[in-house]
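Thanks for coming. I have one model to go through, so please look at the screen.

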Amino acid sequence: MSTTLLKYMNALKFISSIKNEKVRKAVLKEFSKKDDFYAALQEIAENTVKKVIPIKPRDKKKLHPFKSDITCFLKNYKSKATKRKKVIQSGGWLNILIPTLFSLLPQLMK
């Protein structure tokens with residue numbers, strides 16, 4: 001686990017706990033101004049696709065509509081503006097992945 005991801009763990013946990021969509025978008029808009037935030041999201045996306053983070057079948061079904069948003073972070077060919085747009089407009093996948101990530105945190109720290 002990278003230091004960038006550890007740096008944003010509390011922020012990501014807070015974002016995943018926000019239920020109101022308008023408030024979550026405002027918070028994501030603020031965090032999306034930082035380049036390190038994209039690096040943390042990229043690491044989460046890579047670990048999800050490489051199956052380092054095991055996802056339950058129920059959560060896979062929920063994540064399927066966000067497939068293009070998650071794969072946007074896999075490579076650096078997308079512009080910062082595109083990534084920012086994907087984060088702000090469709091941050092719903094964070095609410096699915098982050099609790100799974102926190103439940104596996106002790107195992108990933110080894």
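First, the ground rules. This is a predicted model, in which local features need pLDDT of at least 70 and side-chain atom pairs count only at pLDDT 80 or more, while totals for chains, interfaces and linings use all residues. Residues are numbered from 1 along each chain as its sequence is written, and side-chain values use heavy atoms, with hydrogens and water left out.

The protein has 9 helices and 0 strands; helices here are DSSP runs of H or I with at least four residues, strands are E runs of at least two, and both are numbered from the N terminus. Of the 110 residues, 43% are buried. Buried means under 20% relative accessible area, exposed over 50%, and partly exposed in between, with a 1.4 Å probe and protein chains only. Contact means heavy atoms within 4.5 Å. Among contacts between residues at least 6 apart in sequence, 72% join residues at least 24 apart.

Now the core. A nonpolar core is a set of buried Ala, Val, Leu, Ile, Met, Phe, Trp, Tyr and Cys residues joined through side-chain atoms within 4.5 Å. The largest one has 31 residues, and Leu 12, Phe 37, Leu 41, Phe 73 and Trp 93 touch the most other members. H2, H3, H4 and H8 each supply at least two residues of this core. Which helix gives the largest share of this core? That is H4, with 6 residues.

Helix H2 covers residues 9–17, and its buried residues are Met 9, Ala 11, Leu 12, Ile 15 and Ser 16. Seen down the axis, these fall within an arc of 160 degrees, so they line one face of H2. The arc is taken from the directions from the helix axis to the C-beta atoms.

On to the rings. Rings of Phe, Tyr and Trp (its six-membered ring) pair if their centres lie within 6.5 Å; planes under 30 degrees apart are stacked, over 60 edge-to-face, and the rest tilted. The structure holds 3 such pairs. One of them is Tyr 8 with Phe 31, edge-to-face at 6.3 Å centre to centre and 80 degrees between the planes. Tyr 8 lies in the loop between H1 and H2 and Phe 31 in H3, so this pair ties together parts 23 residues apart in sequence. Ring pairs link Tyr 8, Phe 31 and Phe 37 into a cluster.

Last, Lys 51. This residue sits in the loop between H4 and H5. Lys 51 has a positive phi of about 65 degrees, although it is not a glycine. Is Lys 51 buried or exposed? At 66% relative accessibility, Lys 51 counts as exposed.
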